[in-house]
Amino acid sequence: MKTIYKKLLFLILLLPATLLAQSSLEGVVLDSKSKQPLPGVNVVIQGTATGTSTDFDGKFKLGKVKSGDKIVFSFIGYKEQIVQFNNQKSISVSLEEEANQLQEVVVQIGYGSVKKKDATGSVTTITSKDFVKGPVVAVDQMIQGKVAGLQVTNGGGSPGEGATIRIRGGSSLSANNDPLFVIDGIPVANGGINGGRNPLATINQNNIESVTVLKDASATAIYGSRASNGVIIITTKKGKTGDLKVEYNSYLSLSQVDKKVDALSSTQFRDFITANGNASQQALVGQADTDWQDEIYRTAIGNDHNVALSGGVENITYRASLGLADLNGILKRDNLFRSTIGLSLVGKFLDNHLKVELNNNSSSMRNNYSNRGAIGAAVSFDPTQSVFDSNGDYFQWTNNLAGRNPLSLINQFNNYGNSFRSIGNVQTEYKLHFLPELKLVANLGYDELSGRSYGNTSTDFAFPGAGNRYDSRNTRKNKLMDLFFNYNKNINSIKTVFDLTAGYTYQDFRDVTESFNYDAANDILIPNPIIPTRTNLQSFFARTNITIADKYLLTFSYRRDGSSRFTEENRWSDFPAAALAWKLNEEGLFKNIKNLSNLKLRFGWGITGQQDIGSIYPSIPLYLGADTGAQYQFGNQFFIPFRPQSYNSNLKWEETETRNIGLDFGFFKNRFNGTIDVYEKRTKDLLAFISNPPFFGFSNADFYNIGKMRNKGIELSAEVVAVQGENLNWRIGGNVTFQNSEIEDLFLDPQFFPGINTGGYSGGVGNTIQNHQVGYAPNSFYVYEQAYDLNGSPIDGVFIDRNGDGAVNEQDKYRYKKPAADVFYGFSTSLNYKNWDLAMSWRGSWGNYNYNNVDSQYGWTNQLLVRDTDLSNGVTNVLETDFSSTDVKRYESDYYIQDASFVRLDNLTLGYNFKNFMSSKTNVKISFAGQNLLLFTNYKGIDPEVQNGIDSNLYPRPKIYTLGLNVNF
């Protein structure tokens, strides 16, 4: 007993000495080549949770260090370095750049992240060094042409214009084909809001740290019901430990019309009317020479300013940003004014066992939507008339059926919109003290949008409708709760790492729309009944990652999804996935190959689901009240009638099964690296909107599960570091995608069922130009075969009797070409020489076709000679064809299906960096960029990039020249 007391006394006496033996260590971490400080380097005492990070100047201070402790310095992209502490007061550490950076790149996946070298699915991450440079306002523009399998088609040249985004083609016919966007852990709602523009433009592009694209089902299935079309994960920038850092970005842009529609000039128009018009029409020809497209377009100026402040102490980091953008479109009066606020706060407590992260990105937009009807009017309005008449008023034809003065459509029609969006979350991670391998995570988030569209027609507009007003408002609220755990255990005895994630997620979507009818007699807006809608998604999920000997990687995931869109019997569905990866470069056969840096073979399989068909209650019998314009009057009272809504109680989940084989490779310390993926997607129980049989249901058409579709393709991407030196660096990267889609079944005999018509066009009421049918690509053009004379000129009104029955009718239409490209690709290069840098991005496609609705609508004689009371202009195609047939077959001729393959120089940026400007802590960079500089195509329209392949009234994409300024201090 006495011995025990002696030992306790000895320990008590030793304790102060031990405490006194602990010291603090200060130092600085530098880049070994440039000798510049490295901020954000992790500095940790090996084998403990005690650590810190370097500040903006590369400095750090580490407490509780004992003699003999080993200090680990680590930073992504640099080799790890270990320094032993021998009671020195300060040290200077130089980190060497890791040539094999691929090994440390971290990619985001569902509910977690992995190192790129350990990823088993088809995943691509791009960061700021890869983003498209220049004046972009939305994330879709930043990644355009940068990822194999990802195609982005902007809707036109207006600032903040929306885009069609497809990952490995669409998996559905009538359901949503957009990918799921996850912003800082929040799966956001699809679509936009009244008064807004591109919903992705609500996130300030300067706040985005990285974008990760999940393409195959083994990567996306963890997101279940909303991942059939791939997942795009957006991660915003966070603060780093250190002194306050200020970053200022701004640009001034100038936009100009690049190409106009080839409308007849005033001279061509006069000659045509003289040669083909009657006396009444010839008498209407004016004396002016007006280019109406010049009248409605302008050289537009825009500016964008963003400032961000970041920093932090040992346990808390922060970043806050403010952005203001004022962007004019080339269409007169078109304007987008956007203000954004971003906030990120990360705290680590309880010896780094508890991590709390707060994120918020909010934006407010004010829009002046210039009347886009003026774009078509500028093509069709008489070029021999002046803008104003002798009284100083806008020249107008007096016939109510005639076209309107394009400039009056812009200046006498007011269309405005205001919108607000806020996305935020609080995520907590707690590593159990008694079991640090187990981490509990709770993520509570929201995505709220509100907007208003409103406007009026000026009272001095010369036709009926003058003084009309409109107003529409809506709010969208998306609430999210994720609860899950992660268990990560390294069992050294069997060289195996187990990583298990499982949990529950709840998402609730509530929309409210408020609309008004205009009462012209009393000049008031009468509100319609407000009908709120709600969609609810709930899911249970689990994923296991197993790494054996750092060579063999296994991933298994499962998700059970429930959607309120379906009845109770069909509400839930299961979505499993599995993947295997084999690091061949770690095997003896390949390990000794000197220049082989990476060689990984991947196999993936999984099933994802689709339930987003637009309709909120497609399976439930409901009655809807009519608006105020459809009330019934009984005596002096008005009553709102209720009508039954269409529904299908048998609707169920659409499911897509994906198989993927991939190969990741790298040579010469990954200076040459790339990826090859081969995939196949098979969708069954396709959700499609098709016609009902006569006297069936409560509408002409409804949603049904009716068929199968297959997508397959090959994706290739590669990057070469051609030159890597102290003063000169040159990178070249590119990707190419080969794709094919085919409808395999529609549950109806294609011999008697003409397929599902889709793709309406201008010029025909209720007519379509595309069709879904078994054995063909979705949205294939469905047209008549044009007859040609011996000179190769199309014969007016003459088409081929393809079935030989002696008559040309619907049975002679055939499927000819498609809007989806067979091949699309991107190419980029960046060159850095001392303080200079040059970046260039190209992209293109091959095998895609457009329906030239501009020529079909404005390229026939009746367009110019339709009445004796007014005149309309047309396009030069009328001089080539001399078409005059009024038969609707003319609109649906394969003559108007045109090759839309193209190559485009998207962006060219030249910059100069003034390092240590005015002080050692200040860097200033000036850049000059050009966007949409070159276009090579045989397409006859103004631009081959058209959403859905129907070119009818495209807002021209301008050439944009930008002067940029970036300041860091």
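How many nonpolar, polar and charged residues does the lining of the second largest cavity have, by class? I opened the notebook with that one. The model is predicted.

**Entry 1, the second largest cavity**

I looked up the classes. The lining of the second largest cavity has 6 nonpolar, 4 polar and 2 charged residues. I then looked up the space, which is about 100 Å³. Next I listed the residues. Tyr111, Leu180, Pro187, Tyr223, Ser225 and Arg226 are among those that line the second largest cavity. Thr505, Tyr506, Gln507, Leu537, Ser539 and Arg559 are also part of this lining. I checked which elements give two or more residues here, and found β25 (496-519) and β27 (533-548). The largest share comes from β25, with 3 residues.

I looked up the space in the largest cavity and noted about 500 Å³. Its lining takes in 36 residues. Which of them lie nearest the centre? I wrote down Pro135, Gln141, Gly157, Gln931 and Ile960. Last, I looked up the classes for the lining of the largest cavity. The residues divide into 13 nonpolar, 16 polar and 7 charged.

Technical notes. Residues are numbered from 1 along each chain as its sequence is written. This is a predicted model: local features need pLDDT of at least 70, side-chain atom pairs count only at pLDDT 80 or more; totals for chains, interfaces and linings use all residues. Side-chain values use heavy atoms; hydrogens and water are left out. On a 1 Å grid over the protein atoms alone, a cavity is a set of points where a 1.4 Å probe fits but cannot get out, and a pocket is an open set with protein on both sides within 12 Å along at least five of seven lines; lining residues have an atom within 4 Å of a point. Grid points are joined across faces, edges and corners, and a volume is the space filled by probe spheres set on the points. Ala, Val, Leu, Ile, Met, Phe, Trp, Tyr, Cys and Pro count as nonpolar, Asp, Glu, Lys and Arg as charged, and the others, Gly among them, as polar. Helices (H or I, at least four residues) and strands (E, at least two) are DSSP runs, numbered from the N terminus.
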